[in-house]
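Hi,

Here's the structure I promised to pass on. Have a look through it first, and then read my notes below.

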Amino acid sequence: MDASLLDYNLPPERIARFPAERRDESRLLVYDRAGGEIVHAKFRDLPELLPRPFDFFRNNAAVLRGRLFCKKRGGGDVECLLIEPCGEANEWLCLLRPGRRLPVGAEFGRDGYFNASVSAKFDDGTARVRFCTESGESVISLSQRIGVVPLPPYIARDQKSPDYDRNFDNERYETVYADSSKRVAAAAPTAGLHFTKDLEQKLKIAGNAFYELTLHVGIGTFKPLKGERVEEHQMHSETYEIPRETLRALAESKRPRMAVGTTSLRAMEDYMRKHPSVDPSLDFVGSAKLFIYPPQRIISADALITNFHLPRSTLMCLVSSFIKAGSTEGIDILKHLYAVAIEKKYNFYSYGDAMLIL
């Protein structure tokens, strides 16, 4: 399949640089796959928009404040983005900028906080970095104190500026149900950013239920398609955890299943494809390298909440597959929905508005 099919034109003013003032005040485009109807609403209207109660499956990963601004030994600015721990104590897989000026053995750090050295570099642009913190604390603890959340570049925020409001993005680029003990995401699971505790309570009163899973969101989720053919793209592997209570809900299917975001859906789908007979007796930890694109069929979810995604992204591929099972027609439908959203002045990408696909 030609990757150019996933292109679309987005006016720059439709890229959200800030979220809605209140999380559930973001707009919500509702698409009914059975009848093709489109409804325009607010996210707070979700309890009234659902035709029946659902089981909601959501990614409770917390975002690493993993962008560290540092100095190279001998001078020069360095930006270090934490991706995931490498297994060794205080050794992490990172993205470094400027990467070409930081060969193996290069040292950088931040006075009074840490020193680091590059121990290996890889073809995908990542590097293994060994950290030595001044206080002996963990790298995660250090990043919580001095790091900033890794906002996507299209948000165009100067996070190095002394006027940058670090606390604002630390709060809003995080779901209200994120588990602080699972600070494993290099980017936020953005479909969940629209939920509030009040909205969750209203949904529960209406008969809906919520179940947690954890996908360790890495750079692979957001890596764009580089080749001319969709099928040529290689996904990075990402760890995911599904507790037994969530597995039990997946297995029993007492209510239709709602995936909150593409990260949740990817973990659910990877598990269900590998385990046709769900075993809810034990917590599960696995790894997903699954690339979902049309005309694949989604078997793990009956409805999806998602944001509006970048052109030529694997996320567009996944949503297209969900919209129209067993066909490539989902791409045309998704692009039509995006065109309607642009015409109606919805905001796109991480801090933008949302879609509900029923």
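Between which helix and which strand is the loop with Asn-347 found? The loop runs between helix H8 (329-343) and strand S17 (354-357); helices (H or I, at least four residues) and strands (E, at least two) are DSSP runs, numbered from the N terminus.

Before the rest, a heads-up: this is a predicted model, where local features need pLDDT of at least 70, side-chain atom pairs count only at pLDDT 80 or more, and totals for chains, interfaces and linings use all residues. Residues are numbered from 1 along each chain as its sequence is written, and side-chain values use heavy atoms, with hydrogens and water left out.

Back to Asn-347. This residue is partly exposed because its relative accessibility is 27% (buried is under 20% relative accessible area, exposed over 50%, partly exposed in between, with a 1.4 Å probe and protein chains only). Setting aside neighbours within four places in sequence, Asn-347 has contacts (heavy atoms within 4.5 Å) that include Glu-13, Phe-308 and Asp-353. Arg-14 is also in contact with Asn-347.

Now the sheet. Nine strands make an open sheet with mixed pairing, in the order S2-S1-S17-S16-S14-S3-S12-S13-S15; two strands pair if DSSP finds at least two bridges between them. Strand S2 (38-42) and strand S15 (284-288) are at the edges with a single partner strand each, so one side of each has no neighbour in the sheet.

Inside the sheet, S12 (residues 209-215) and S13 (residues 238-242) run antiparallel and are joined by two bridges. Thr-214 sits opposite Glu-241 in S13.

Cheers
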